[in-house]
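User: I am new to reading structures and would like to learn how the terms are applied. Could you go through a few with me?

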Amino acid sequence: MRLLPEDPAVRRMALATLVNTTGNGIFFTLSALYFTRIVGFSIVQVGTGLSIAAGVALFAGIPIGHLADRRGPREVQVGLVLVIAALAALYLLVTEWWQFVLVTTLIAVLDRGAGAVRGALIAGLVQGSARAGTKAYLRSVTNVGMTVGTGIAAVALHYDTREAYLWVLYVDVATYVVTAALLARVPHVPARAAGEALGMLTAIRDLPFVAVVGVTSVLTMHYWILELAVPLWVVNETE
């Protein structure tokens with residue numbers, strides 16, 4: 001088995017994924033701690049804000065995915081990542097709970113949309129049965145990136161000061177900018193012709209598909225336990 005994929009397009013996607021998920025590992029590890037320990041929100045406030053954001057973003061992939069069909073997934077993905085970078089920078093200026101909810105919701109909407117667009121980009125770059133192997137490889141890269149990001153976040157946890165949190169979160173913002181630059185080098189995937197584009201609600205009319213998504217959504221709750229609940233518990237309840 002090769003460590004690096006043969007396809008140059010997949011290698012570029014893998015590098016972009018590694019950088020992006022390293023930033024995600026930083027953010028997921030530090031965000032709840034930053035807003036509770038440094039900004040001063042309660043755990044209930046943070047949880048409520050995240051719940052509001054998740055609810056609003058629930059169907060964001062549908063219109064944003066439709067936009068990618070019309071404009072091209074690579075171009076839309078690059079634009080989404082750059083806007084998320086700007087919003088992530090605004091995160092560090094948040095002092096009020098309503099600001100937290102607003103920025104969190106906007107990021108959640110764009111992030112959910114980016115996930116749908118990323119799937120379309122992979123489908124356009126890789127054909128046939130190779131798509132499953134490519135997605136599995138990128139999932140492995142994601143795990144590596146998250147691990148690296150968590151290790152970087154440990155620096156801020158060690159010093160546990162506002163300055164340490166901010167500097168490490170600045171690294172997270174930078175990863176979005178680098179990711180956008182790397183994605184811009186991925187080959188262009190043409191937009192669907194007007195006559196080929198599916199309706200925006202086509203996917204949710206496919207009931208078996210919707211059922212699988214619903215079950216998967218429940219199973220993925222463990223991510224939030226690992227990314228939010230465990231860091232809060234370790235820092236606040238253990239030595």
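User: Which residues form one aromatic cluster?

Analyst: This is a predicted model, in which local features need pLDDT of at least 70 and side-chain atom pairs count only at pLDDT 80 or more, while totals for chains, interfaces and linings use all residues. Residues are numbered from 1 along each chain as its sequence is written, and side-chain values use heavy atoms, with hydrogens and water left out. The cluster is formed by Phe27, Phe28, Tyr34, Phe35, Phe41, Tyr91, Phe100 and Tyr165.

User: Why is the pair of phenylalanine 41 and phenylalanine 100 called tilted?

Analyst: Rings of Phe, Tyr and Trp (its six-membered ring) pair if their centres lie within 6.5 Å, and planes under 30 degrees apart count as stacked, over 60 as edge-to-face and the rest as tilted. Here the centres are 5.8 Å apart and the planes stand at 55°, so the pair is tilted. By this rule the count comes to 10 aromatic pairs.

User: What makes this pair tie together parts that are 59 residues apart in sequence?

Analyst: Phenylalanine 41 lies in the loop between helix H1 (8–39) and H2, whereas phenylalanine 100 lies in helix H5, so the pair links parts 59 residues apart in sequence. Helices here are DSSP runs (H or I, at least four residues), numbered from the N terminus.

User: Are phenylalanine 41 and phenylalanine 100 buried or exposed?

Analyst: Both are buried, a term that means under 20% relative accessible area, with exposed over 50% and partly exposed in between (1.4 Å probe, protein chains only). In helix H3 (residues 61–71), Ile62, Ile64, Gly65, His66 and Ala68 are buried as well.

Note on methods. Helices (H or I, at least four residues) and strands (E, at least two) are DSSP runs, numbered from the N terminus.
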